[in-house]
Amino acid sequence: MNTQLAGTGALLRLALRRDRVMAPVWILVVAMLVLSLPGSLESVYGTAAERERLLATMTANGSLRALYGPVFGDSIGALTAWRGGVFAGLLAGVMSLVIVVRHTREEEESGRQELLSAAMVGRRAPLTAALLAALTANAAAALLVTAGLAGRGAAGALALGLGIGATGMLFAALAAIAAQLTESARLAKGLTGAFIGAAFVLRAAGDAGAPDGGSALTWISPLGWLEHVRAFAAERWWVLALFAAASAAQLVAAYALAARRDVGMSFLPARPGPARGRLGSAGALAWRLQRGALLGWSLGFLAAGVVFGGMTDGATELVGDNARTREIIERMGGQAGQGVLADAFLATMAGMLAMVAALYIVSAVLRLSAEESGQRAEPLLANAVGRLRWAGGHLAVAFGGSALILLLAGLGLGIGHGEDIGGAVAATLGQLPAVWVIGALAALLHGAAPRFAVAAWAVAGAALALGWVGPALNLPQAVLDLSPFAHLPKLPGGQDPSWAPFVALTALAAALLAAALTALRRRDLAA
């Protein structure tokens, strides 16, 4: 046996055990994003004439092609691949980067990897185990997609499943490189996430300008490769070889980098001090630590708002007289009976951006867990800094930052749509109490049960899944009400909203925060 890989099996079992909750949630979200579509698409585009009209509309509608990509066939399977393939690949990439970074750079940052390396663990075993864990998760998602769509055509189902899994593994290999280059898990995730975002932007720009998806920009992006697998539309199996070649090249680079550095070291070390500016308070330190991530989220939400706002007229044209599509959009946008489809679409986009903002606030709040588990909080708290001041600084950035990115998203929606910027801002900020509730739940988990703080991601993911696919599946209102977003009026609307849900959710968030800080004061710091 290669001594470089000694202990890989044990580390893989450990990784799978640690991910026994997180990974299944991610796998189900990726799979259900795709498997929830055929039924709703069949009810919306049930006739050949309606599907032909959709293809003609998409060919002429560059803004919607930028979001979903071109349509390559008029079967329900082909429409499923068009509507959900790129987004499922995007989520698979995010799942993969979380898994790989968690079991590589996070282990080194916490010091656990150094302890493991002192035993019978080969030099390449940790990275290999992390990649195998990501492979297991992507294979499971691919298997669920393939099995769920097999009735629509075995070849197309297999092509789509393999394409989604291959996309996830390509970004897993990219995350493995980032884990070698950077000195912290946060930077590794940020770098990989930036590449995933760039891949989506390149694909969107290419598809917006080329109805057949043949733009060079589309072919540069791995997400563009996924749509060019053309599942259920004369499959191009050779495109999967591009994923294999790119992943293999990245894995070679990751292993080469891993062999040339010590445990805990990186090729892009932090800038040496002294730090510029004043760090005279816990809040100033929290701002210094989180400002880079907040800037990235802010720019992304502003750009997304402009894009989605510009799609409003195109979405209205696509829906046309299709009653089922109108019903779904009106249900997501809270405009049933109003007949204002543009407002319903804007409300839908505002709600979706708010649900994504929940991911930001969870990430920002859980920076407390990272500081504590990395043993950086203990020296700080040993001085004249109390726990409430320390936690309050990070919570202020998290909750204030979520308000900022939603404000910018609203500005973007108004600018992109070209009408009623104030109404668009009100629509996004109106979702803020629900975002704060999820952030407060994350803070409570950190304060009361730090070992389970990672479950906050599952809470945010569940809210996103309910808001994304729940209305399309026509889920019972009792199920939709499990998300705090379901209790808020959707703006812009034709009626004046009641203030009661805003006040109630804000009060709930405040109560959860109070409980979180109380629990944090009473427990020991995590070892």
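I count a residue as buried when its relative accessible area is under 20%. I keep that cut-off at hand, since the model I am reading is a predicted one.

**Entry 1: a salt bridge and its cover**

I looked up Glu-227 first. Its relative accessibility is 10%, so I put Glu-227 down as buried. Its side chain meets that of Arg-203 in a salt bridge, at 3.8 Å from N to O. Arg-203 sits in helix 11 and Glu-227 in helix 13 (residues 222–228), so this pair ties together parts that lie 24 residues apart in sequence. Arg-203 has 0% relative accessibility and therefore counts as buried.

**Entry 2: other salt bridges**

How many salt bridges does the structure hold? I find ten.

I picked the one between Lys-189 and Glu-106, where the closest N and O atoms are 2.8 Å apart. Lys-189 belongs to helix 11 (residues 185–209) and Glu-106 to helix 7 (residues 105–110), so the bridge links parts 83 residues apart in sequence. Are these two residues buried or partly exposed? Lys-189 is partly exposed, at 29% relative accessible area. Glu-106 is partly exposed too, with 23%.

Next I went to Arg-367 and Glu-371. Their side chains form a salt bridge at 3.1 Å, N to O. Both residues are in helix 19 (residues 367–373), and because they are four residues apart, about one helical turn separates them. Arg-367 and Glu-371 are both buried. I also noted a network: salt bridges with shared partners join Arg-105, Glu-108 and Arg-261.

**Entry 3: the core**

I turned to the nonpolar residues. The largest nonpolar core has 139 residues. Which residues have the most contacts inside it? They are Leu-160, Ile-164, Phe-243 and Phe-485.

**Entry 4: a buried glutamine**

I checked Gln-250, which is found in helix 14 (residues 239–258). Its relative accessible area is 15%, so Gln-250 is buried. What does Gln-250 contact, leaving aside neighbours within four places in sequence? I list Leu-170, Ala-173, Leu-174 and Ile-177.

**Entry 5: helix 26**

I traced helix 26, which runs over residues 500–522 and has 23 residues. From its first C-alpha to its last, helix 26 reaches 33 Å, close to the 33 Å expected at 1.5 Å a residue. I wrote down its buried residues: Pro-501, Phe-502, Leu-505, Ala-509, Leu-512, Leu-513, Ala-516, Ala-519 and Leu-520. Where do they pack? The buried residues of helix 26 pack against helix 21 and helix 23 (432–448).

**Entry 6: a patch on the surface**

Last, I looked at the surface. A nonpolar patch there is formed by Leu-302, Val-306, Leu-404, Leu-407, Leu-411, Ile-415, Ile-421 and Leu-429. Together they have about 560 Å² of accessible area. Helix 15 (282–310), helix 21 (387–417) and helix 22 (421–429) each give two or more residues to the patch. Which helix gives the largest share? Helix 21 does, with four residues.

Val-306 lies in helix 15. Its relative accessible area is 35%, so I record Val-306 as partly exposed.

Terms used. Residues are numbered from 1 along each chain as its sequence is written. This is a predicted model: local features need pLDDT of at least 70, side-chain atom pairs count only at pLDDT 80 or more; totals for chains, interfaces and linings use all residues. Side-chain values use heavy atoms; hydrogens and water are left out. A nonpolar core is a set of buried Ala, Val, Leu, Ile, Met, Phe, Trp, Tyr and Cys residues joined through side-chain atoms within 4.5 Å. Buried means under 20% relative accessible area, exposed over 50%, partly exposed in between (1.4 Å probe, protein chains only). Contact means heavy atoms within 4.5 Å. Patches are made of residues with over 30% relative accessible area and no salt bridge: like charges are joined within 9 Å, nonpolar side chains (Val, Leu, Ile, Met, Phe, Trp, Tyr) within 5 Å. Accessible areas come from the Shrake-Rupley method with a 1.4 Å probe; for residues, only the protein chains shown count as cover. A salt bridge is a side-chain nitrogen of Lys or Arg within 4 Å of a carboxyl oxygen of Asp or Glu. The expected span of a helix is 1.5 Å times one less than its number of residues.
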